[in-house]
Amino acid sequence: MTQTFKHFIEQFLYNPIVLVFLRPLSYLIIGTVYALQYNSFNRSVFFLLYLYLFTNYYIESYLSKHELFAKSTLTLPFILLEIINLVLISTLAVSTNYLVALLTILYSLIMHFQHYLKSIGWSNLTILVVSFFKGGIITYLSFFTQVHFLPLELLKWSIPLVLVNILVEMHTYYLQTTVQQPILKKDFLLKTLILITLIYLTTIFLLASTFGYLLVLFLFTVPFILHFINMIHRKKEKKLCLKTLFLYQMTYLFVFTLIETISFYLL
């Protein structure tokens, strides 16, 4: 990366406020853009779903620092977040259908209980479930809330998205908790490299029939993941490593969206 590009990343893309607003958007954008082939853009439903993810992002972040069942957790801001979350779920249910309500309730429950489940030894299973919901279920909801059906193609596309989220959730767990040793071991780095390889292999094999040569645009994501690998190998500051990983995740999702847009609307 050039010095100018590095400076742009550090000053803008690493800004916590930018990450907070862009991450929920990145989860929704692939399914929403795909849905535009079948129906006009439903702004109100999209905005409700974005606010729902934004709220749950804060709930997830808050509960990563506080115990779920502790009395000290029930602060006024947290209670307000919970009320907003319930209002958004209810509004989405009325605006769409019971299936959307059920999935949004399940997603919220998982965001609430994930840290507790990890603390009692269910970390691997919890990471898989959280990754499936963030990479799969949210993608399906972003499409379904626009057009009220779900194509088989989107189910296939969600596999690399789930793998990207497994990569993010796995490293978030080890970088945010007191369990530090695995992140320093060579076998953990090897698992990271294997997972990254799987992400790109599934991207090529599952998307090539639809997007063909446009998949070359995913090369733009490679510098970000290489930078992340270099950072964890050199044991850089944990928060900076996580921001770099989040940036890779968003870059992957937005490049995917760009490929969709070019393929469906420009060619």
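1. In this predicted model, Tyr252 has several contacts beyond its neighbours within four places in sequence: Pro160, Leu161, Val164, Ile199, Thr203, Phe218 and Thr221. Tyr252 also belongs to the largest nonpolar core, which has 79 residues. Together with Ile225, Tyr248 and Phe256, Tyr252 is listed among those with the most contacts inside that core.

2. Tyr252 is one of the H11 residues that meet helix H7. Helix H7 covers residues 152–176 and helix H11 covers residues 238–266. Their axes come within 9 Å and cross at roughly 170°. Angles over 145 degrees count as roughly antiparallel, and H7 and H11 are therefore roughly antiparallel to each other.

3. On the H7 side of this contact, the residues include Trp157, Pro160, Leu161, Val164, Leu167 and Val168. On the H11 side, they include Leu245, Tyr248, Tyr252, Leu253 and Phe256. By class, the residues of the contact of H7 with H11 comprise 16 nonpolar, 5 polar and 2 charged.

4. Helix H10, residues 222–233, also packs against H11, at an angle of about 160° and with the axes 9 Å apart. H10 is therefore roughly antiparallel to H11. The crossing of H10 with H11 is left-handed.

5. In the contact of H10 with H11, H10 contributes Phe224, Ile225, His227, Phe228, Met231 and Ile232. H11 contributes Leu240, Cys241, Thr244, Leu245, Leu247, Tyr248 and Thr251. This contact has 10 nonpolar and 3 polar residues, with no charged residues.

Technical notes:
Residues are numbered from 1 along each chain as its sequence is written. This is a predicted model: local features need pLDDT of at least 70, side-chain atom pairs count only at pLDDT 80 or more; totals for chains, interfaces and linings use all residues. Side-chain values use heavy atoms; hydrogens and water are left out. A nonpolar core is a set of buried Ala, Val, Leu, Ile, Met, Phe, Trp, Tyr and Cys residues joined through side-chain atoms within 4.5 Å. Buried means under 20% relative accessible area, exposed over 50%, partly exposed in between (1.4 Å probe, protein chains only). Contact means heavy atoms within 4.5 Å. Axes are lines fitted to C-alpha atoms, for helices over the stretch in contact, and angles run from 0 to 180 degrees between N-to-C directions. Helices (H or I, at least four residues) and strands (E, at least two) are DSSP runs, numbered from the N terminus. Angles under 35 degrees count as roughly parallel, over 145 as roughly antiparallel, 65 to 115 as roughly perpendicular and the rest as oblique. Ala, Val, Leu, Ile, Met, Phe, Trp, Tyr, Cys and Pro count as nonpolar, Asp, Glu, Lys and Arg as charged, and the others, Gly among them, as polar. A crossing is left-handed if the near helix is turned anticlockwise from the far one by less than a right angle, and right-handed if clockwise.
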